[in-house]
Amino acid sequence: MQSEKIRITTSSTSLAALSGLAERYANPEFSIAPGGHVQTISAGHYTVSGLSRHVRLGEFVAHKSTTGIHLGEVVKVEPDLVYVCPIEPGDPIGIHDTVIRKGAFRIAPTESWCGRTINSLCEPIDGGGPLLQGDKRRSISNTAPPSMTRKRVEHGFKTGVRAIDIFSPLCLGQRLGVFAGSGVGKSTLLSMLARADAFDKVVIALVGERGREVREFIEDTLGENLKKSVAVVATSDESPMLRKMAPLTAVTIAEHYRDKGDNVLLIVDSVTRFAHAIREVATASGEPPIARGYPASVFTELPRLLERAGPGPEGTGTITAIISILVDGDNHNDPIADSTRGILDGHIVMDRSLAEEGRYPPINPLASVSRLARKAWTPDQEKLVGRLKSLIHRFEETRDLRLIGGYRAGSDPDLDMAIKQVPVIYDILKQTPGERPAFDAFTDLASALKAAAGMGGAGGAARARG
């Protein structure tokens with residue numbers, strides 16, 4: 001009788017233990033972390049055995065070494081081996097070290113992140129103490145909202161940059177590319193756009209930037225907007241994985257604020273360095289190049305990143321994205337520039353020759369296009385801009401002819417008007433970062449043209465010849 005009671009008690013205890021274990025495994029917050037071991041090590045990646053059945057491409061793993069735990073991303077999966085790219089450069093890795101699956105990299109943004117500067121792993125780098133974590137965790141590899149659930153882009157806004165507000169106006173939820181070679185003034189233009197007052201939040205991703213410029217950009221450029229801004233920084237000396245993650249982290253933070261109903265400005269400088277980071281990671285894992293050294297994964301990741309910006313579903317806010325593209329060798333048709341131009345809703349072209357003339361920002365109004373400009377212009381403004389572009393084209397087309405004295409005033413009324421007015425237009429488009437943003441660019445232009453007309457046409461013609 002006594003032994004029977006013992007068996008019953010033991011059976012009940014085992015049943016309770018199994019029940020508790022089953023409940024624990026049924027909890028979606030609990031996950032088993034299978035492990036493997038390092039097999040081979042190379043300059044850009046290492047391989048792990050024992051994880052092929054448990055991990056997916058793009059997931060994170062944790063590598064345990066003598067100095068601690070280090071993160072890596074799965075970049076290739078084979079039947080017996082997993083290829084991992086370490087997140088931090090110079091992580092100590094040894095043969096047979098243990099590697100554990102961690103899953104997708106997730107972050108939990110909150111309002112308290114505004115005013116902070118963080119790295120790609122959402123670790124503060126501004127000395128302001130640890131970041132508070134929100135209630136909802138988001139994977140940085142999210143997909144864009146379904147196209148038929150997204151709001152339409154309807155409302156324009158003023159950037160304060162006259163060259164853009166007149167010739168290539170923007171709308172809330174638009175995605176614009178700024179195309180420029182190195183040293184032309186791309187980052188300076190982005191700093192001017194970051195001061196726009198139309199947004200509730202500003203999220204900035206500085207990818208591959210020079211380390212000395214980070215504080216200047218954040219502290220000097222943002223000014224009062226710093227209180228509503230989050231900066232994600234991955235400098236040029238950091239690993240390709242951190243440079244690849246920076247725009248993904250930034251757009252995930254922007255999505256959090258958009259879903260709360262905010263209108264968010266997302267600035268990425270530059271998406272070309274994001275593509276370079278993907279190329280480094282893909283090349284290290286053995287992916288072959290298909291276009292001027294870029295592997296196919298670059299052209300897969302670009303639209304996945306850029307499509308996440310834009311208007312959100314009904315009842316949410318918008319993400320207006322301004323993306324800089326560093327054109328290699330001033331070739332505006334290189335693979336990254338060409339691919340990005342087809343995804344975005346417009347492009348601003350910055351011309352090195354204009355910068356050499358001292359015209360800042362050196363925006364080429366004839367080559368720049370906003371696909372949503374008609375939603376921001378009034379009908380009268382649209383007609384005016386069409387006329388202005390016609391005059392500028394005529395002015396530039398006949399520049400050489402006029403310089404050699406081959407044109408006689410009065411032969412072509414349109415060209416006479418262009419000679420008088422285009423230099424005035426160029427003058428009003430000049431703007432330095434220290435100037436106050438333009439409140440109404442069209443009013444400024446009208447005032448300048450009226451003042452020039454009052455001075456007489458001879459002065460305008462003299463300026464054109466000069």
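Arginine 292 is exposed (over 50% relative accessible area, with under 20% called buried and values in between partly exposed, using a 1.4 Å probe and protein chains only), because its relative accessible area is 60%. This is a predicted model, in which local features need pLDDT of at least 70, side-chain atom pairs count only at pLDDT 80 or more, and totals for chains, interfaces and linings use all residues. Residues are numbered from 1 along each chain as its sequence is written, and side-chain values use heavy atoms, with hydrogens and water left out.

**Positive phi values**

- Arginine 292 has phi near 50 degrees, a positive value in a residue other than glycine.
- Arginine 292 sits in the loop between strand E16 (289-291) and strand E17 (294-295); helices (H or I, at least four residues) and strands (E, at least two) are DSSP runs, numbered from the N terminus.
- Histidine 96, also not a glycine, has a positive phi near 75 degrees.
- The loop that holds histidine 96 runs between strand E5 (81-86) and strand E6 (98-103).
- Histidine 96 counts as exposed because its relative accessible area is 54%.

**Cis peptide bonds**

- The bond from aspartate 269 to serine 270 is cis, with omega near 0 degrees.
- Serine 270 belongs to the loop between strand E15 (263-269) and helix H6 (271-284).
- A cis bond also joins tyrosine 360 to proline 361, where omega is near -5 degrees.
- Proline 361 lies in the loop between helix H9 (352-356) and strand E21 (369-370).

**Helix H13**

- H13 covers residues 413-429, which is 17 residues.
- From first C-alpha to last, H13 reaches 24 Å, close to the 24 Å expected at 1.5 Å a residue; the expected span is 1.5 Å times one less than the number of residues.
- At glutamine 421, shortly before proline 423, H13 has a kink of about 35 degrees, taken as the angle between axes fitted to the seven residues ending there and the seven starting there.
- Buried residues of H13 include Leu415, Ile419, Val422 and Tyr426.
- An α-helix has 3.6 residues a turn, so residues three or four places apart point the same way.

**Helix H12**

- Leucine 403 is part of helix H12 (residues 399-403).
- Leucine 403 counts as exposed because its relative accessibility is 58%.
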